[in-house]
Amino acid sequence: MKAIRRFTVRPVLPEPLAPLHDLARNLRWSWHTGTRDLFAAVDPGRWAGSGGDPLRLLGSVPPERLARLAGDEDFLARLSEVADDLRGYLHDDRWYQERARQSGLPAGIAYFSPEFGITAALPQYSGGLGILAGDHLKAASDLGAPLIGVGLLYRHGYFRQSLSRDGWQQETYPVTDPNELPLVLLREPDGSPVHLALALPGGRRLLAHVWQAQVGRVPLLLLDSDVEENDVHERDVTDRLYGGGSEHRLLQEMLLGIGGVRAVRAYCRLTGHPAPEVFHTNEGHAGFLGVERIAELAERGTDFDSALEAVRAGAVFTTHTPVPAGIDRFDRELVARHFGAAAELPGLDVQRILDLGMETYAGGDPNVFNMAVMGLRLAQRANGVSTLHGSVSRDMFAGLWPGFDVEEVPIASVTNGVHAPTWVAPEVYRLGARQIGERRTEDALSVGGSGRWDAVGQIPDRDIWELRGELRRQLVDEVRERLAASWRQRGAGAAELGWIDGVLDPNVLTIGFARRVPSYKRLTLMLRDPDRLMRLLLDEERPVQIVIAGKAHPADDGGKRLVQELVRFTDDPRVRHRIVFLPDYGMAMAQKLYPGCDVWLNNPLRPLEACGTSGMKAALNGCLNLSVLDGWWDEWFEPDFGWAIPTADGTATDEHRRDDLEAAALYDLLERRVTPRFYERGPEGLPDRWIEMVRRTLTHLGPKLLAGRMVRAYVDELYAPAAGSARALTPDAARDLAVWKARVRAAWPRVTVDHVEASAGGAELGATLGLHVRVALGELGPEDIEVQAVAGRVDTEDRITEPTTVPLKPVGGPDAEGRWAYEGPLALDRSGPYGYTVRVLPAHPLLASVAETGLVTVPSEELGEGGGVLMR
């Protein structure tokens, strides 16, 4: 008979072992080697069987084993040491506290994301966005930053992947019980669960509980709609990550954004955590958090426009997608039905809410509500996740700032990083600790800050090579075990699996490729010339072996066909010992895969990879990258760190020829550059030049890849300025700013540039032009605007490239016609074709960028003939 409900009956820990409970509940164990080693010592066999999950371990250890440990002085001494270390980690001042004393950093920061990849024991992630969010929380914890994470608790999480006999992806959705996860229910002082409620159309309500995970110093709040008081439809809102139709997704995103703010308020009320001064939206899914914050201020009597300014000042929005198709978009009528008097946020005008997300710009669809557009309109500061992605994002969203060059669109970039203590293999960590000590190694991996890890340069070549060999051997064992399990799921009998014992060779160059399977990541590019790939795999002197993993979205049949095509190739008896596909890619697999590979392959369509952090995790373990110049690799590639696959991006190249050319370039690199370097031996029998590349990857590239570097950049470049703006926007200041913006927008059509002239002795390098400009300001005054000269080299169509701006000063006015005079010097600091223009911009001390209002006035084309391009 089958049980109708499953749960774990946990043993009562003897009093001396009580600290194990706190250690198991704080997810720092997922990246702290000492804590994991302690749990392994509780029962090594059961620890392996638990998948490295302390709660599962403690639920399976027999009482007699616990009793023996309670009397084991050596174990109790280790337990006391690890527990003391956690207490110090949680309460001692760290980087953020030291900085806050000097620079007034925000007292609290709320970080919203639809998914969080903290550990395989908390399966609430699907891919890179969630892993990045998890690494962000961990790094913030290591730095002492006062973050509160906010997400949803999915009862089915993301799907588990298996393969049919013919290689077709199959999905299952195991149910997760929050009571068996490292979570506690957020409760009121009387012990009752915190209840959050959203009003739905038709008088219905969506209720949610709040579960809390403790990620080191950072609380993570996860909202759960599986509440008995909900109807079936509402209970299922948080059933699956990225599941369901449009209304289902809209309800998820309303719960995440609106319910998430309410969860943060409840948590701060109950715990005394400082209220957030900054709200960070990680991708557009949580964008409604800004609308909820406007509603909070409206309830206190603040008008919508003033509330919008106050909310924007303390908001940060991070976009992760380089393509419009990656953004959640809803029909405007669907959104309209869920707000207003008969639904949620009845105190706000529904049209004002719709205006925040409508694509009311050239090329947009005015009947569509765009979550990324709302995120940008509700945040004074925004960023992409690599330098290249920042540029792509500015181009993609330029329609929101018409009249400005793409380079001035106010979207910055903070390149992603990865949490090294999570992703660096224990063997790599121990090698570093042996070299510089455990504490310095821990700080180098978590806090970072050093331009290079010089200590790695002192590790002998033989130690590095032996470590790489050990990690490769561990991967071979892992692959064989997972491959056997996969074939058994596909229906193979024991008599068919003998060949798996010979899969992969721990002495062969090993390439890894693992990621989600949308078409732009080109899972099957390596199969473009299967005969050539087969020759690479089977070369007698310089063979290659490849380990591949990845999930296609359940609704993406095209992605599933790519998986099937690859699986069928890997099933070929001629090559299946050299190339494998491992189903059900997740954190547990990744933590073995990254360290065990020698080369990490990445071949997306440039520039469609926003950042791509898998190669970072591999690099931190001494793996070299072989990648298209996209995402972070475009920014930091050097020949010392790996190889760049040339991009065939000419406008005359169709997609099939492009793939042919880039696949051929990949094969060429493997045949002529990569495999010779790996198999070439020096006088000591070691691949000296390969080891030197590993060393340089670790010493020079490693520090850049850290999530600690990333979070420090967010603090300095986004959180601190946002907190400063939020503090400056007092209710009176917010109201004044809103009134000023309304006045400027109304008056702007009458702002013109009426005359531009220049006086100069000659157009020679080092000379100075004297610019004289007259502008009409209508009802505005000089205190409302800034007049700038914009100058630089020009192209063949007179477009100014790499411009510099020079503010001009008012020298008189208004004249009889109401015009103001502005003057200033313009230095000719560059030779060659050169040009200039002038422009008028709104100016206010509380604006974060010159483009914030989206308003700009430039000379008319007729006037530009006399005052624009200077000479050729």
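**Helix contacts and local features**

Guide: Asp461, Ile464 and Trp465 of helix 20 meet Asp688, Trp690, Ile691, Val694 and Arg695 of helix 27. Contact here means heavy atoms within 4.5 Å. Helices (H or I, at least four residues) and strands (E, at least two) are DSSP runs, numbered from the N terminus.

Visitor: Before we go on, what are the ground rules?

Guide: This is a predicted model: local features need pLDDT of at least 70, side-chain atom pairs count only at pLDDT 80 or more, and totals for chains, interfaces and linings use all residues. Residues are numbered from 1 along each chain as its sequence is written, and side-chain values use heavy atoms, with hydrogens and water left out.

Visitor: Back to helix 20 and helix 27. What angle do they pack at?

Guide: About 85°, with their axes 10 Å apart. Axes are lines fitted to C-alpha atoms, for helices over the stretch in contact, and angles run from 0 to 180 degrees between N-to-C directions. Helix 20 and helix 27 are therefore roughly perpendicular. The classes are under 35 degrees for roughly parallel, over 145 for roughly antiparallel, 65 to 115 for roughly perpendicular, and oblique for the rest.

Visitor: And the residue classes in that contact of helix 20 with helix 27?

Guide: 5 nonpolar, no polar and 3 charged. Ala, Val, Leu, Ile, Met, Phe, Trp, Tyr, Cys and Pro count as nonpolar, Asp, Glu, Lys and Arg as charged, and the others, Gly among them, as polar.

Visitor: Now helix 10 and helix 11. How do they pack?

Guide: Helix 10 (residues 246-271) and helix 11 (residues 289-299) are at about 60°, axes 7 Å apart. That makes helix 10 oblique to helix 11. Gly257, Ile258, Val261, Arg262 and Arg265 of helix 10 touch Leu289, Glu292, Arg293 and Glu296 of helix 11. By class, the contact of helix 10 with helix 11 has 3 nonpolar, 1 polar and 5 charged residues.

Visitor: Which hand is the crossing of helix 10 and helix 11?

Guide: Helix 10 passes helix 11 in a right-handed crossing. A crossing is right-handed if the near helix is turned clockwise from the far one by less than a right angle, and left-handed if anticlockwise.

Visitor: Switching to rings. How many aromatic pairs are there?

Guide: The whole structure has 19. Rings of Phe, Tyr and Trp (its six-membered ring) pair if their centres lie within 6.5 Å. Trp465, Trp643, Phe678, Tyr679 and Trp690 are linked into a cluster by ring pairs. Trp465 and Trp690 also take part in the contact of helix 20 with helix 27.

Visitor: Which charge sits over tyrosine 173?

Guide: The charged end of arginine 240, 3.6 Å from the ring centre. The test is NZ of Lys or CZ of Arg within 6 Å of the ring centre and within 35 degrees of the ring normal. Likewise, arginine 576 has its charged end over the ring of tryptophan 499, 4.0 Å from the centre.

Visitor: Last topic, backbone. Where is the cis peptide bond?

Guide: Between arginine 606 and proline 607, with omega about 5°. Proline 607 is in the loop between strand 18 (599-602) and helix 24 (614-619).

Visitor: What about the phi of leucine 504?

Guide: Positive, about 65°, although leucine 504 is not a glycine. Leucine 504 lies in the loop between helix 20 and strand 15 (509-514). Most residues other than glycine have a negative phi, and most peptide bonds are trans.

Methods. Rings of Phe, Tyr and Trp (its six-membered ring) pair if their centres lie within 6.5 Å; planes under 30 degrees apart count as stacked, over 60 as edge-to-face and the rest as tilted.
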